[in-house]
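Biologist: I'd like to learn how to read a model like this one feature by feature. Could you take me through it?

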Amino acid sequence: MWRSWASSPGRVQAAPVSYSNFACSSFKDIQSLCKEENHSSSSPKKPSIFHRVRIVTSVLRNWSPAQTNPEPSPKPESCASLPGGGDQSVVIYFTSLRVVRKTFEDCSAVRTILRGFRVKIDERDLSMDAGFLDELKAILGRRKVTLPRVFIGGKYVGGAEEIRQLHETGELKKLLGGLPVAAGVCDDCGGYRFVLCDNCDGSRKVYNEKTGFRICTACNENGLIRCHSCSYVHL
């Protein structure tokens, strides 16, 4: 007879699995982590080291300028005046460059208004000589200036808006009354107030047999000098 299937030697019975001693180590880890988190949340959180560094840096930044190098307050522009003369003339600082449209239009409008009174005008174009910018900053006592700037009789009058208002109210005519009349366009410079340097012919370089080529110190950065016929002495 056939043997019973359960007692067949080719069939091995699996031992019964006991779940009584089952233990999950990961579950214990989760429990321990939860306990640590609750413990850390209950204790006060200490500030980070980066937070302390930011606080110290901000305190030093606010404290050091006020103690070591305080910036002087600029003087009022209404008190500005031209040093060394200009009592019988009109001086205007402007630019002939079209880089900034509004600035160029304001300069052109103010020059047109002033030229309409036919008085002698000392026009100082900052695009022709960068020294005029340093000169204007020293007069106004400011690091940044806007153009144009007008001085009448050696005293500061204002910019484009002030000149327009004075012209509309008729006060500008009173300020310009008694000033010398303009002589017309200069034959030497054509009204540009600058001519080529006689020393270097505008190249900004002069030759010396001992030292070779060197930079000309008689002209400005554009190789120009002020016209001696129509320009005032450079301050």
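**Reading the fold**

Modeller: Let's start with the contacts: among those in the chain between residues at least 6 apart in sequence, 66% join residues at least 24 apart. Contact here means heavy atoms within 4.5 Å. This is a predicted model, in which local features need pLDDT of at least 70 and side-chain atom pairs count only at pLDDT 80 or more, while totals for chains, interfaces and linings use all residues. Residues are numbered from 1 along each chain as its sequence is written, and side-chain values use heavy atoms, with hydrogens and water left out.

Biologist: How many helices and strands does the chain have?

Modeller: Helices (H or I, at least four residues) and strands (E, at least two) are DSSP runs, numbered from the N terminus. In this chain there are 6 helices and 8 strands, and along the sequence they follow the pattern α-α-β-α-β-α-β-β-α-α-β-β-β-β.

Biologist: What is the strand order in the open sheet of 4 strands?

Modeller: First, the rule: two strands pair if DSSP finds at least two bridges between them. The order is 2-1-3-4, with mixed pairing. Strand 2 and strand 4 are at the edges with a single partner strand each, so one side of each has no neighbour in the sheet. From one strand to the next the twist averages 25°. Angles like that run from 0 to 180 degrees between N-to-C directions, with axes as lines fitted to C-alpha atoms, for helices over the stretch in contact.

Biologist: And in which sense do strand 1 and strand 2 pair?

Modeller: Strand 1 (residues 90–94) pairs with strand 2 in the parallel sense, over 5 bridges. Within that pairing, Ile-92 stands opposite Glu-123. Helix 4 (residues 131–140) lies across strand 1, strand 2, strand 3 (149–152) and strand 4, at about 65° to strand 3.

Biologist: Where would I find a hairpin?

Modeller: Look at strand 6 and strand 7, which a hairpin joins through 3 residues. Strand 6 (residues 205–208) and strand 7 (residues 212–215) run antiparallel, joined by 4 bridges. Asn-208 stands opposite Gly-212 there.

Biologist: What about Lys-155, buried or exposed?

Modeller: Lys-155, in strand 4 (residues 155–158), is exposed, with a relative accessible area of 60%. Leaving aside neighbours within four places in sequence, Lys-155 is in contact with Ala-80, Ser-81 and Val-150.

Biologist: How should I read aromatic pairs?

Modeller: Such a pair is described by the distance of the centres and the angle of the planes. Rings of Phe, Tyr and Trp (its six-membered ring) pair if their centres lie within 6.5 Å; planes under 30 degrees apart count as stacked, over 60 as edge-to-face and the rest as tilted. By this rule there are 5 aromatic pairs. In one of them, the rings of Tyr-93 and Phe-151 have centres 6.0 Å apart and planes at 75°, so this pair is edge-to-face. The pair links distant parts of the chain, with Tyr-93 in strand 1 and Phe-151 in strand 3, 58 residues apart. Both Tyr-93 and Phe-151 are buried. Ring pairs also link Tyr-93, Phe-132, Phe-151, Tyr-156 and Phe-194 into a cluster.

Biologist: Which backbone details deserve a look?

Modeller: Pro-148 is in the loop between helix 4 and strand 3. Then there is Arg-193, not a glycine, yet with a positive phi of about 70°. Arg-193 sits in the loop between helix 6 (171–176) and strand 5 (194–196), and at 14% relative accessibility counts as buried.

Conventions. Buried means under 20% relative accessible area, exposed over 50%, partly exposed in between (1.4 Å probe, protein chains only).
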